[in-house]
Amino acid sequence: MKARYELDKMQITLSNVTLRHFADSYVLLKAADENKNEVTIKLSHDQADFLEAEFRELNRRRRTYSEAEREIDEEEDSYNLFSPEFLTEE
């Protein structure tokens with residue numbers, strides 16, 4: 001099943017629900033926006049571990065991309081004042 005929900009300015013909460021039989025325990029992820037729209041997802045601990053790893057990888061890629069963009073911006077902002085392209089003969 002695929003579903004897509006868009007919540008603006010969402011508040012995310014995670015709860016670890018521990019039951020008497022540990023195998024039945026789960027992680028509850030809730031996302032709610034300021035209009036009281038809410039999405040609740042029940043995850044097994046394995047699914048929660050997988051989701052955590054996915055978020056970690058996404059953040060790693062975002063930071064890598066952000067650092068690469070910053071380096072490009074710095075290169076574009078810097079120039080050699082004594083470069084021949086800036087010297088014009090009059």
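Trainee: How many helices and strands does the chain have?

Mentor: This is a predicted model, and in it the chain has 1 helix and 3 strands. Read from the N terminus on, the elements follow the order β-β-β-α.

Trainee: What share of the residues of the chain count as buried?

Mentor: Of the 90 residues in the chain, 14% count as buried, while the accessible surface comes to about 8800 Å², with 50% of that area belonging to carbon and sulfur atoms.

Trainee: Which elements supply the lining of the largest pocket?

Mentor: Strand E2 (26–32), strand E3 (38–43) and helix H1 (45–77) each give at least two residues to that lining, and the largest share, 4 residues, comes from H1. The pocket holds about 390 Å³ of space and is lined by 13 residues, with Leu29, Ala31, Ile41, Leu51 and Phe55 lying nearest its centre.

Trainee: How do the residues of that lining divide into nonpolar, polar and charged?

Mentor: The lining of the largest pocket has 12 nonpolar residues and 1 polar residue, with no charged residue among them.

Trainee: Where do I find Leu19, and is Leu19 buried, partly exposed or exposed?

Mentor: Leu19 belongs to the loop between strand E1 (11–17) and E2. Its relative accessible area is 38%, so Leu19 is partly exposed, since that class lies between the cut-offs of 20% and 50%. Once neighbours within four places in sequence are set aside, Leu19 is in contact with Asp24, Ser25 and Tyr26.

Trainee: How many salt bridges does the count come to?

Mentor: The count comes to 3, where a salt bridge needs a side-chain nitrogen of Lys or Arg within 4 Å of a carboxyl oxygen of Asp or Glu. One of them pairs Arg56 with Glu52, whose closest N and O atoms are 3.1 Å apart. Because these two residues stand 4 residues apart in helix H1, they are separated by about one helical turn. Arg56 counts as exposed at 52% relative accessibility, whereas Glu52, at 42%, counts as partly exposed.

Definitions and conventions:
Residues numbered from 1 in each chain as written. Predicted model: local features only at pLDDT ≥ 70, side-chain atom pairs only at ≥ 80, totals over all residues. Heavy atoms only, no water. 1 Å grid on protein atoms, 1.4 Å probe; cavity = no way out; pocket = protein on both sides within 12 Å on 5 of 7 lines; lining within 4 Å. Points joined across faces, edges and corners; volume = space filled by probe spheres on them. Nonpolar A, V, L, I, M, F, W, Y, C, P; charged D, E, K, R; others polar. Buried < 20%, exposed > 50% of the residue type's maximum accessible area, 1.4 Å probe, protein only. Areas by Shrake-Rupley, 256 points an atom, 1.4 Å probe, with all protein chains shown as cover. Contact = heavy atoms within 4.5 Å.
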